[in-house]
Structures are given as C-alpha cells and as structure tokens.
Protein chains: 2
Amino acid sequence: MANSESGDSVVDRIVRVIAAFPDGVSTLQLSELAGRSGLPLTTAHRLVRQLAQHGLVDLGDGGSVRLGLRLWELVNRNSPALVLRQAALPFMEDIQQVLNQNVNLAVLDGWEVLFVERLSRRGSVANRAQIAGRMPVHISSAGVALMAFKPKGVQGEYLEQFADPSGRLSRRDMRSLLAETNLQGYAQLAGVVDPDTWGIAVPVLDRKRNALAALGVVVPLQEMRLHALVPALQTAARGIGRQLGNAAL
Amino acid sequence: MANSESGDSVVDRIVRVIAAFPDGVSTLQLSELAGRSGLPLTTAHRLVRQLAQHGLVDLGDGGSVRLGLRLWELVNRNSPALVLRQAALPFMEDIQQVLNQNVNLAVLDGWEVLFVERLSRRGSVANRAQIAGRMPVHISSAGVALMAFKPKGVQGEYLEQFADPSGRLSRRDMRSLLAETNLQGYAQLAGVVDPDTWGIAVPVLDRKRNALAALGVVVPLQEMRLHALVPALQTAARGIGRQLGNAAL
DNA sequence: GCAGTGCTTCCATTGAATGGAAATTCCGCT
DNA sequence: AGCGGAATTTCCATTCAATGGAAGCACTGC
C-alpha cells in the first residue's frame, strides 16, 4: 500500500472519474462511481471533492455526482469540435428545413466515426447516431464518406486492420466500396442499423481535398430520392468547407 | 523546490491546463499554455503528455495543444446540460422557423447566466450570447427570467450582493424588475448589449415552478411584436418543461 | 430501536510528482 | 546550405502530496 496501489498516476484517475459515466447517464452515486472507475472509495471521494472545487464535477445531495457545468463550459468554448459545429450548423439547418430529414455531422477518430452534431426530424423516433456517439466506419455512411476521402496512407492502414465481425463485408468489398465512393463523391449505405432506412453522406473537404468531416442524412427507404438529396448535401458540404477555410482550424 | 512549489495539487494543475485556453481559442503552443496556466514549462509538458495519452488533449506538430476530441465526447455524452439541450432543441427549432429570430437557452450558474444553446437567425451578425458564453444576470433577459422564478432564498442572496457596476440599476430597481417579471411571466430587456435589439425570455419551469432554464429571443427593435412572441415562447417553454419531467434530470 | 448501507474524516506511509539543467529539435534568417 | 535563437523534450535527485485502511457518522428501511 502506497502511492497508488494500481500504478495509476493522478491523471489516470481523473480520467477514470470523468469517463466512468455510462452513455447518457449524467448522475452517479459516489460509491457507484468508485466501483465503475475501479478506484478505492476513499480515493474516489477525495478526487471528486477536489474536482468539485473547480466545478469540473457538481455534487448533489447524498453523494450524487455529475459532470460539472463549468467543465461543459470550458470544453464547449474551446474544443476544436466547436469550430466545425459552428461552421456547419447553418447549413445543416437549411438541409433539415428543405428535406425534413435527420441530418448529422461526423468526424473520424481512430477507426470510428464520432457524431458531432445532429438535427432530428421533428417527431422522428430516436435515431441511433446520438450526439457524441460513435460507430464503426463501415456501419455508417458518414464513416465511408470520410474514409473514402482520407489520404491513401490512412486508408491503407484502415484496410489493413479491417475485419467485419459479422463477416458480411470482406476487406476486398470494403476497398472497392471506398474506391467507388471516392469516384461518386458520396456514400450510400442501405439500412445497416435499421433495415428500413438509408444513409447518404458526403465529405466536407478542405482545400487539399482531405476529408475533415462528413455530412449525412438518414432517410426512410420509401422517401429515398437520391437525385434530390446528393446535390443538396454536396452544396452544403462545400459551403461548410469554405467556412472552415476562413476560420483558423 | 519540491512537490509543487506553488502549493497546487495535481487536480488544480489539470484544471489550469484545460482552463488556460482563452475564449474561442482552440490551439495553443506548449510554451504559451505553460505561461497562461502559470505552470513551469516542464510540468506543463509532462501533464499535457499524460492528458494526451487519454485523449483529453490532442497534440499537434511542434508542440501545439488543443482540447481533445475524447474530452468533448465524454462531456457531451454525459453532461446534464445535454439533457436540457436535447429536450429543448426541437422546440427551439420551431420557434426559430416561425419567428426567424435568434433563439437561445440559458441556465443559471452562480450569479451569471450560461448560454447552453443558441440558434442563429440565418445571415444575422454574430450576436453576443455565444454558446457556453456567460453574462451577468441583470444584463440579459434570460438572466432576469431565471432569477425571477428562483426560490425566494436564492433571490434574496442575489439581491444582497447585487451591484450594477455601471450604476444604472439600483438594488431597488432590480428587486422590482424581478417581481414584475414574476408577475408577468416573462422578462423583457431593452438593448442592454446592443441598443437596437430587445431581449425577451421566459422561464422553463419544473413541476414545482422552479426555474431550470430560460428560453429567449433577441429581436431587432423594429420587428418587436410582443403579443406574438411571448405566447410562442411560453408554449415552447412549457413543452420543454414537460419533456424534462419525463427524462430523469 | 437496530441492522445495513453509504458517505465522510483521520492519519501514518511512501513512491509519484516536481522542476532545474542539459540535450535536442525546430525554424527563421542570411 | 549553414548559423543562431527559441522552442520542445529528456533526465534525474529531492521531497511532500497522494494514498487507502480503519474508524466515525448519517441516513434509511424494517
């Protein structure tokens, strides 16, 4: 027993604390937090109290813990994701108004897509791509659109390790899917998540034609009108790209 | 020279790092970060590297540092601000479409208002209330709307310490402003920030009539139509409140 | 009133954090 | 290309902040 039995640094433990919240859950009891983060109760308690002093977490009655407003504030004021969001939101709203479909914006992180923003069609059922949610590249049209416009090297590495656990998609399939997407300029994926929906996505490119993000829609199969959708998305994506060019990334 | 010359704990220092970014700036050089956070260069370097290992910050070429995508993800997946945002966004979009004005959503944090979400009128000039931005309560209609529906005790404490640096608003004025707002059910503030705009805001109440948030619009003076605006806002606020009642706060 | 659960305080132990100094890399300038 | 200055990164002896078990306290349900 000593300074950190487990060999963690303090930084490691702070990360454990703020990463301990399961998806979409914003409140935990101290003891549950300790359990989930794998920290001794006493240590969790001490850390939480310290973090609370700075507002990185907020404490409720009876030992309830939630991520702090101040943390939210700091992150949402200075995160690079915000620059992207800021640039994209007006265009996304246009698309949403014109097409009345779920619109989303995603970036690549590792070999997964991270959804940065999403506008729901009013009244639509909760769709899978939650904000700050992740999906494997090959499951989402946004992922395919992004990967298809990444540099050759990145694509190579990706394909190298690619393996569809369901076995439905071979590496060769994936390679040709990316190639085709690059050629067409947009990705379309028939309802992988939900069998009755299609995903269409286009890349947001910087001046070097490198994909920064992907802009996509999810539409019910019967409302699928590719010829109307794709140009609208591409126009918007171009607008976002231009906007980003102006802002310092 | 020893363990922390300044008497900071590690937690303190991590906070310094992530709070060191000035408003809206997402990238800093390591040395600048060290300077701004008041940490010795070596220490800043060590911390940043550790944080980067967990993705709480991302490192660019040549020592550039930015807040990490993973941090953004964690916060935006589990922060209580998100529950609010999620509940409010559809209603905000409705308002924005119908009225075509800047719509914003704010909560109270300390004696300041924190803007949680904002939809810009398309083409409008950048307005002051940025997302994750703060304003003193008495400067913003959202602030007044919030404070007017907080419990008596909180209002008392607020008035206790209230002092308008500009001297334009006395404590007595503030008190009657709050009372009047509570009576009317909405707050209106003539262009404090920008002389040609008005702010109108209504509280989002929980079942105990305690204000959780405020929903507001900023409109150019000449487009001001109170009789149309207020009912629309109130309806939306009620909807948001109902939605929040369902979700576990 | 009692048992059980969970939060909080206390404190001796010790290795993780510290930061000056030196090595290295990067970058602008000639 | 080659040089000079400023930045980043590595190294490592010193030391106190972090650690977590144990005991105390508060709250809840039976």
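Biologist: What does A:Glu117 form with B:Arg85?
Modeller: A:Glu117 makes a salt bridge with B:Arg85, and their closest N and O atoms are 3.0 Å apart. The term stands for a side-chain nitrogen of Lys or Arg within 4 Å of a carboxyl oxygen of Asp or Glu.

Biologist: Before I go on, please tell me what sort of model this is and how to read the labels.
Modeller: This is a predicted model, in which local features need pLDDT of at least 70 and side-chain atom pairs count only at pLDDT 80 or more, while totals for chains, interfaces and linings use all residues. Residues are numbered from 1 along each chain as its sequence is written, chains are lettered from A and ligands numbered from 1 in the order in which they are written, and side-chain values use heavy atoms, with hydrogens and water left out.

Biologist: Back to the pairs, what do the side chains of A:Arg85 and B:Glu117 do?
Modeller: The side chains of A:Arg85 and B:Glu117 also meet in a salt bridge, at 3.0 Å from N to O. That pair crosses between chains, with A:Arg85 in helix α5 (residues 80–99) of chain A and B:Glu117 in strand β5 of chain B; helices (H or I, at least four residues) and strands (E, at least two) are DSSP runs, numbered from the N terminus.

Biologist: Is A:Arg85 buried or exposed?
Modeller: A:Arg85 counts as buried at 7% relative accessibility, and B:Glu117 is buried as well, at 1%. Buried means under 20% relative accessible area, exposed over 50%, and partly exposed in between (1.4 Å probe, protein chains only).

Biologist: Where do A:Glu117 and B:Arg85 lie?
Modeller: That pair crosses between chains too, from A:Glu117 in strand β5 (residues 112–119) of chain A to B:Arg85 in helix α5 of chain B. A:Glu117 is buried, with a relative accessible area of 1%, and B:Arg85 is buried at 7%.

Biologist: Which element gives the largest share of the side of chain B that touches chain A?
Modeller: The largest share comes from α5(B), which gives 13 residues. By type, that side of chain B divides into 34 nonpolar, 14 polar and 14 charged residues, where Ala, Val, Leu, Ile, Met, Phe, Trp, Tyr, Cys and Pro count as nonpolar, Asp, Glu, Lys and Arg as charged, and the others, Gly among them, as polar.

Biologist: How are the two copies related?
Modeller: Chain B is superposed on chain A by a rotation of 180° with 0.0 Å of shift along its axis, at an RMSD of 0.1 Å, so the two copies are related as by a two-fold rotation axis.

Biologist: New topic: where is B:Arg16 found?
Modeller: B:Arg16 is found in helix α1 of chain B, and it is partly exposed, with a relative accessible area of 32%. Leaving aside neighbours within four places in sequence, B:Arg16 is in contact (heavy atoms within 4.5 Å) with B:Asp8, B:Ser37, B:Gly38 and B:Leu39.

Biologist: How far apart are B:Arg16 and B:Leu39?
Modeller: They are 23 residues apart in sequence and 8.3 Å apart in space, C-alpha to C-alpha. As for B:Ser37, its backbone oxygen lies 2.9 Å from a polar atom of the side chain of B:Arg16.

Terms used:
Least-squares fit on C-alpha atoms with pLDDT ≥ 70 in both. Polar contact = N/O pair within 3.5 Å; in protein donor to acceptor, adjacent residues only side chain to side chain.
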